[in-house]
Amino acid sequence: MVAMAEPWRHPDTGTYYLRRQIPKPLRDEFGGRQLWKKSLETKDPGEARRVFTAANAELEARFSAARTAIAERSAGKKLTATQAEAALTRASALHRGSRLDRFPALSNVYWAEEAAASKLGGARVSLFNDPSPAGFAAMDPSHLPGDVWLRVVRTRPRNEVLFMAEHMIAWIHGDFRSEGSGFGDIVRSSDNDWSLTEAVTVAIEREQADLRSLIASPFRPTETRLRPNMLLGELLTEWRNKTPAPGQQGAHETGTTVEDFIDFAGDMPVAQISGDHLYNFRDAVASLPKAMPLAYRALTFNARMAACRELRGPKVAPASVKRRVGHLQALLTHAFYNRWIEANSGTGIRIEGYSKNTGGRRPFLDDELTQLFASDLFLRPKEWSERRDSVGDLTLAWLFLLGLTNGARIEEIGQTEIANVKRDGGVLYLDLGIDAVVKNETSRRMIPIHNLVLALGFENYVEALKSDGQTRLFPDLRPNKFNKLCQAASRVGNRLIDKVVSKDPRIAFHSLRHNFKDLARDVPIEKYIVEQIMGHAGITAGDKYGIGASLKTLKRELDRVTFEMVDWTAVRAAFATVDWNKSVSRRS
């Protein structure tokens with residue numbers, strides 16, 4: 001006994017539904033659906049039963065109509081539009097490969113168009129055998145495959161259309177007999193052939209629209225950027241010529257590393273450099289001694305390794321190994337970013353014992369700063385020497401004072417032109433603008449001169465330089481082979497630190513930059529003000545808005561840092577004895 005249908009309650013929402021399986025023979029009439037489900041739009045059981053009765057009767061009527069339609073077609077086995085489209089899709093899938101798979105209907109009507117062109121008249125259409133970008137670009141959008149088919153369908157009687165379609169219809173019908181096709185009971189008839197012809201016509205119109213779009217905007221071929229034969233020396237030249245260009249010293253050191261790597265591993269194409277090559281080079285560099293005879297440094301890399309094999313003592317510091325491997329990593333990254341190589345083998349190489357803090361600087365302690373600025377350099381200006389390894393004591397004193405009171409890098413201070421010592425709204429400042437050679441773009445800035453420095457006679461010093469015809473703030477500084485002005489000044493300054501403060505390698509002139517930042521935190525001064533004075537980039541999106549605080553604000557906040565560990569009274573008294581005109585003229 002068959003159970004009567006009844007409303008079905010959704011377990012989550014509580015809403016009642018008419019929910020019934022569609023009989024298998026009727027499913028094609030319902031678009032292939034297996035289940036009929038319709039909401040009764042109520043959660044009340046009594047209301048659901050009332051609505052269900054009417055909805056179920058309506059569904060039974062639809063089942064009955066479907067059975068009638070199937071029975072009426074059974075004599076002629078007539079195709080529905082859905083069946084015709086499914087038959088075409090199946091046939092196209094089975095016959096792909098000899099034409100362009102993207103347009104199966106257009107490919108498959110080729111022989112039908114040939115028949116129409118020869119028997120019914122019309123221009124012959126060339127099959128598009130070339131699916132490349134060039135093949136599409138060469139096609140004429142006014143003369144496409146499918147044109148003959150559509151012209152015949154639209155202008156000729158039905159019997160001539162079916163004559164043209166005969167070849168295609170025959171092999172589509174052939175698939176009806178294949179096992180599992182679902183069309184085994186459908187026979188050839190004029191109506192069925194016409195249904196298939198209409199399905200083909202719809203597909204051709206759709207594919208022609210896609211084809212015209214492709215011809216209008218064809219895929220354009222492009223040459224590969226890969227450079228499989230590029231050697232490391234060629235890559236080095238490309239890297240040196242990039243924009244912005246690397247610094248002279250960095251370019252020189254990278255070139256030295258490239259020479260050593262080529263001697264170690266061979267002059268192979270960059271694309272063939274593997275992680276193994278880089279790791280082995282890393283280990284070779286790390287095996288060298290920290291100190292070696294000067295004559296050994298002139299040897300080739302392999303000869304240097306052989307000569308140093310018996311030397312004892314500390315090995316190269318991890319930071320030095322990192323720098324050397326980093327040169328190669330920078331080159332490989334440049335090649336990868338330009339797609340000259342497909343993969344970057346330089347990523348992720350670890351250096352044992354290295355961290356960003358390894359061998360790093362530390363600030364001076366308060367007592368150490370007291371010692372440094374109580375030295376003869378600041379308290380006995382009458383004993384200033386005119387030259388000390390090309391750096392006079394006068395220059396050295398100002399470099400230390402400016403470095404302490406604004407946290408600038410020594411090279412930033414040392415390169416300053418007198419024309420870039422400027423005044424705005426009563427504020428004297430150093431303009432590290434467009435002409436300055438700085439570490440990065442965020443280092444371009446305006447640095448106010450601290451009141452403590454002004455009280456020592458800095459303006460009088462600048463005026464004396466102008467009167468003497470000088471153009472640079474520190475005219476005795478001489479550029480090295482990398483065009484850096486302060487290499488000698490840094491060396492002499494660090495010797496002074498070793499002599500009067502400590503030989504701790506972690507403190508050097510650059511430590512003053514750390515001191516400034518810590519002392520500004522202690523005041524405290526807003527972080528964005530400190531970063532602007534020191535030329536540090538902000539890290540948030542908001543930091544990139546605007547041009548920063550005004551000079552007056554920078555000056556006001558800067559003067560709040562008092563550097564109380566320095567005996568400024570003693571330093572001012574000493575500098576008050578200086579005749580700046582004589583000191584400048586004697587030095588120049």
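**Exercise 1.** Are Arg445 and Glu412 buried or exposed?

*Solution.* Before we start: this is a predicted model, where local features need pLDDT of at least 70 and side-chain atom pairs count only at pLDDT 80 or more, while totals for chains, interfaces and linings use all residues. Residues are numbered from 1 along each chain as its sequence is written, and side-chain values use heavy atoms, with hydrogens and water left out.

Step 1: Buried means under 20% relative accessible area, exposed means over 50%, and partly exposed is in between (1.4 Å probe, protein chains only).

Step 2: apply them. Arg445 is buried, and Glu412 is buried too.

Step 3: look at how they meet. Their side chains form a salt bridge at 2.7 Å, N to O; the term means a side-chain nitrogen of Lys or Arg within 4 Å of a carboxyl oxygen of Asp or Glu. The pair links distant parts of the chain, with Arg445 in strand S6 and Glu412 in helix H18 (residues 410-414), 33 residues apart. Helices (H or I, at least four residues) and strands (E, at least two) are DSSP runs, numbered from the N terminus.

**Exercise 2.** Find out which strands S5 is joined to, and how enclosed S5 is.

*Solution.* Step 1: check the partners. Two strands pair if DSSP finds at least two bridges between them. Strand S4 (residues 421-424) runs antiparallel to S5, with four bridges joining them. Four bridges also join S5 to strand S6 (residues 445-448), again antiparallel.

Step 1: pick out some bridge partners. Asp424 has Val427 of S5 as its partner, and Tyr429 has Pro448 of S6.

Step 2: look at the turn. Two residues sit between the strands in the S4 and S5 hairpin, and Gly425 takes a positive phi near 60 degrees there.

Step 3: check both faces. In a regular strand, side chains alternate between the two faces of the sheet. Val427, Tyr429 and Asp431 are buried on one side of S5, and Leu428, Leu430 and Leu432 are buried on the other. Six of the six residues of S5 (residues 427-432) are buried, so the strand is largely enclosed by the rest of the structure.

**Exercise 3.** Work out what the salt bridge between Arg362 and Asp504 ties together.

*Solution.* Step 1: the N to O distance is 3.3 Å.

Step 1: Arg362 lies in the loop between helices H14 (318-337) and H15 (366-372), and Asp504 in the loop between H21 (487-500) and H22 (511-522), so the bridge ties together parts 142 residues apart in sequence.

Step 2: Arg362 is buried at 15% relative accessible area, and Asp504 is buried at 16%.

Step 3: zoom out. Arg362, Glu368, Asp504 and Arg506 are linked in a network of salt bridges.
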